[in-house]
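Work through the exercises below with the sequence and the structure at hand. Each task is followed by a solution in steps.

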Amino acid sequence: MGTSEQIHPANEPSSEGLPSLIRFISSEMDHDFDSIVNDHINNLSAPALDSYSPNSSIMVSEAAAERESNRIHSVSISMPPTPKRVGFTDNNETIDAPDSAAATSKDKKTRFYSQPMPSATTTESSAGAPASGELPRHPRISKLKDKRFDSFKTWSGRLERQLSNLRGNKIQEIEQESVSQPTAEPQPNTPINIPVDRFFDALEGPELDKLRASEESILPEDKTWPFLLRYPISSFGIILGVSSQAIMWKALATSASTKFLHISMDVNLVLWWISIVLMAIVTFAYVLKIIFYFEAVRREYYHPIRVNFFFAPWIALLFLALGLPPSVYQSLPHALWYVLMIPFLCLELKIYGQWMSGGQRRLSKVANPSNHLSVVGNFVGSLLGASMGLKEGPIFFFAVGLAHYTVLFVTLYQRLPTNETLPKELHPVFFLFVAAPSVASMAWANIQGSFDFGARIAYFIALFLYFSLAVRINFFRGFRFSLAWWAYTFPMTGAAIATIRYSNMVNTVVTKSLVVILCIISTLTVTGLLVTTIIHAFVLRDLFPNDISIAISDRKPKTHRRWYHHRRAGSTDIDQFLKYADSAEAKDIEAALSGNIELQSTAAPKEVSQD
Amino acid sequence: MSMTPNTEFENQNTILDIDIMIDDSPPSSSEKREDVHSLLALIGLRFMVSSMLTRIHAGYFRISLSLCWETLLWKTLLDPTNSETKFLHRIPQMVYRPVLIFLWSFALFILVLLSLLYLLRCIFRFNLVKGEFLHHVGVNYLFAPWISWLILLESFPFIAPKHIGYKALWWVFALPVVILDIKIYGQWFTKGKRFLTAVANPTSHLSVIGNLVGARAAAKMGWQEVSVCLFSLGMVHYLVLFVTLYQRLSGSDRLPAMLRPVFFLFSAAPSMASLAWASITGSFDTASKMLFFLSLFLFTSLICRPTLFKKSMRKFNVAWWAYSYPVTLLALASTRYAKEVKGEVPHTIMLTLSSLSVLVIIALLLFTALYSKILLRDDDPCLKLPKHSRLCIQNFK
């Protein structure tokens, strides 16, 4: 059985020794039996597929991509086993069924067996990997590391091999791996859907980026990972911060009410060009990450907080269009607006649809302040469209944004006990609360033509939220700096710009001084953040720490497997009360399968089961 | 009931019971055979009616909802004064009237049939009706008959909204809606077990739609205050319902897979709201546009998730009719939108949605005709009641 063909379902070892069905049942006890049987039947009947093909359509495809927990991939491995491999099989005894960690590691060994180890070539091809320096000293360790990171690589390193072939480098001999960490659960190459519960259980912190003590990471924590693996999507926040500054300085220079400040347009020009350069760099790096480490990108997409940052590139593009200096281009064509908004529309169709009908990622569970990023883009697009002179399109996005913002706002304000992701302490992410109303007020003003009552209501809401957060500035201490903080500065800038618009309408000393104060605060914040970033980048050299949040194992470590419910201490009351009809089934199904709504609903409302 | 005993025998789509009884009748002299036949026919009729009364629940009014709204759509589309659909006016006035009358009569017929059946059910099977009222999905469909009658009234080809008969009938149909409102909405925030987070599901949109339909009809009659009152009632509860449903506090929506088509009601409520607001203010202003766009977005979002409906598409059941009227409503709203905002894109949207609505309803009519036996089957999810109300049913039996 060993190498000819092994079938790998989502997260289970293939049959070896024990009948695989029994292994399934015993190791996945919290799954619905039907689904397990279905999985297994599917596995047995499916032909061998290429296991290395990434599910590259995740980001743009429809719900099916996300719900394919039953998708299986099998691996065909063509290399004969060596004695050493047999030795490792003995070492990691997997016959006692629940020890699936070892089982999967063994399988991982067999799976990766045929994979050559382009250790040197791999690290060269991934941009800026710092590990290359270690290679000559510890070839085996570096090979190990490569192998471990291979699980994240697109086509598990095949691309590197091809590139290295092109470059004419020698492909290394096939070696077995040395010790694989007993607790590290290697990620199968097959795309799996990680249930959102896993993220909540494994991570903590306001940005869900710290690993809990009881969890393990599947990538080595002590080594520095390849640069691309450490490059988060939240780096797009930098562009958000800088480009919103560009817009602010443009508004300062061109508004009638701030003429007394005599700001020149050069500031806007410089900032805008900086943003363009940054955008190019960040986009390039992230595209490389998509190409080389698609699995990591997928995991970021499934992360309940990081998914919102996938809106950030599009918002950044919109900001760049808004902050366009008149000297560069006079007026943008309408077609550009459609080009910018269509990918945004597709993304939000996907994400909002999840909120509405997706099993696990419903809003009451995953709502967190970063969700504002999903909603504010509607208002930004509406603002841009209205300022370009379009009529219907801006109203469309404004309506959609308003409806979903209402839902989000109510949910976040409720701070439901079932909501796990709200940080208990204040964190800069809370400033995102200010973003949506301030941009909405400007968008509405542009749609209506003047800063009328609707715009003013939204503006005052934004102002209130800003002040209520600003007076609590003492509580914003003690947080570890992360690149995502850049994204939290644009709301302050947005509030400043909205104040500028407001002061155009209501031209008094109070409003003008408010403009000055807010602009100074926002500029100081951005400058401070810039300094901190530079310090972290060059002095402390930890601007890009190991991105633990994408490296969580897809299953809990053995001891905690069945006790998910413990963690949700505060939620038991409401949960029990609300789920009186279908509590057990719903939780189990949701925990077991990722968003497979059909299976979920067969079990959940048992009393009205139809099939 | 328009069916005669004789046609039952020839009609192959009758309930299975009847066929078996007829086949078992032994041959005898012709006169005796006729007596036996008529007796059996009567018994068969009685059984058929009785079984229908057990099975026809308020969800069957989806059929009449779809037909009535389709009639309204065609009335709007074929309206000679509607400049947007000029291409359709190669059809002369002579054809428009009969087509409309035919559609309207068909809708009327179905609605009368269903209403009579449901009335009989209320009389003879009141315990079942009560069970429906206690069920979190069934209760919302109690609005459906009144909505259908209101829409049918509006799409009547002959009388204008200001006619006295129209007004009188409006009161007849709108009053039950208000009474149901008070009962159900009151339950949402006061009652012990049937509060909103426990019972909210997409069919709750029907109560909102009921208010909005009443508001629109009132606005067309010129009753500004009544219409604004009903509109605000509907919108406030829509806001609460929208947030609750999006939050999905209790996870699975407690909606069986068979009823997934009702998710399209998410898009039906804002389109109705946009139409109602347009009738109140007189023109399709920004607020109406925003509601229309929201409805369009939700509709697109649901269309892009076909796997959500895969489970419910396995067997034909009356819930499939829930696909039809939200599309028709959206098409109606888009007609209004295209009338206000002239241009290629609104026109295209209107045409696409209208043709989609026609296709869907034709397909559903075909399916119903083919599978009408299945339509009246016993294990309909709406009849399967949750545990607590099943106990009530047992008591009543």
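The model is predicted.

**Exercise 1. The two chains**

Task: Find how many helices and strands chain A has, and what share of its residues is buried. Then describe chain B in the same terms.

Solution. Step one: chain A contains 25 helices and four strands. Of its 611 residues, 60% are buried. Step two: chain B has 17 helices and zero strands, and 56% of its 397 residues are buried. Chain A has an accessible surface of about 23300 Å², with 64% belonging to carbon and sulfur atoms.

**Exercise 2. A covered helix**

Task: State how many residues of helix H7 of chain B are buried.

Solution. Step one: helix H7 of chain B covers residues 144-154. Step two: nine of its 11 residues are buried, among them B:Ala144, B:Pro145 and B:Glu154. Step three: the helix is therefore mostly covered, since a residue counts as buried when its relative accessible area is under 20%.

**Exercise 3. Salt bridges**

Task: Locate the partners of A:Glu300, A:Arg299 and A:Glu392 in salt bridges, and say where each pair lies.

Solution. Step one: over all chains there are seven salt bridges. Step two: A:Glu300 meets A:Lys289 at 3.2 Å, N to O. This pair links A:Glu300 in helix H12 (residues 294-302) of chain A with A:Lys289 in helix H11 of chain A, 11 residues apart. Both A:Glu300 and A:Lys289 are buried. A:Lys289, A:Glu300 and A:Arg306 are linked in a network of salt bridges.

Step three: A:Arg299 pairs with A:Glu295, with the closest N and O atoms 3.4 Å apart. The two lie in helix H12 of chain A, four residues apart, about one turn of the helix. An α-helix has 3.6 residues a turn, so residues three or four places apart point the same way. A:Arg299 and A:Glu295 are both buried.

Step four: A:Glu392 forms a salt bridge with B:Lys289, the closest N and O atoms being 3.3 Å apart. This pair crosses between chains, from helix H17 (residues 392-414) of chain A to helix H13 (residues 286-303) of chain B. A:Glu392 and B:Lys289 are buried.

**Exercise 4. Aromatic rings**

Task: Decide whether the pair of B:Trp69 and B:Tyr325 is stacked or edge-to-face.

Solution. Step one: the aromatic pairs over all chains number 56. Step two: the rings of B:Trp69 and B:Tyr325 are 6.1 Å apart, centre to centre, with 20° between the planes. Step three: planes under 30 degrees apart count as stacked, so this pair is stacked. Step four: B:Trp69 is in helix H4 (residues 61-77) of chain B and B:Tyr325 in helix H14 (residues 324-340) of chain B, so the pair ties together parts 256 residues apart in sequence. Both residues, B:Trp69 and B:Tyr325, are buried.

Terms used. Residues are numbered from 1 along each chain as its sequence is written. Chains are lettered from A and ligands numbered from 1 in the order in which they are written. This is a predicted model: local features need pLDDT of at least 70, side-chain atom pairs count only at pLDDT 80 or more; totals for chains, interfaces and linings use all residues. Side-chain values use heavy atoms; hydrogens and water are left out. Rings of Phe, Tyr and Trp (its six-membered ring) pair if their centres lie within 6.5 Å; planes under 30 degrees apart count as stacked, over 60 as edge-to-face and the rest as tilted. Buried means under 20% relative accessible area, exposed over 50%, partly exposed in between (1.4 Å probe, protein chains only). Accessible areas come from the Shrake-Rupley method with a 1.4 Å probe; for residues, only the protein chains shown count as cover. A salt bridge is a side-chain nitrogen of Lys or Arg within 4 Å of a carboxyl oxygen of Asp or Glu.
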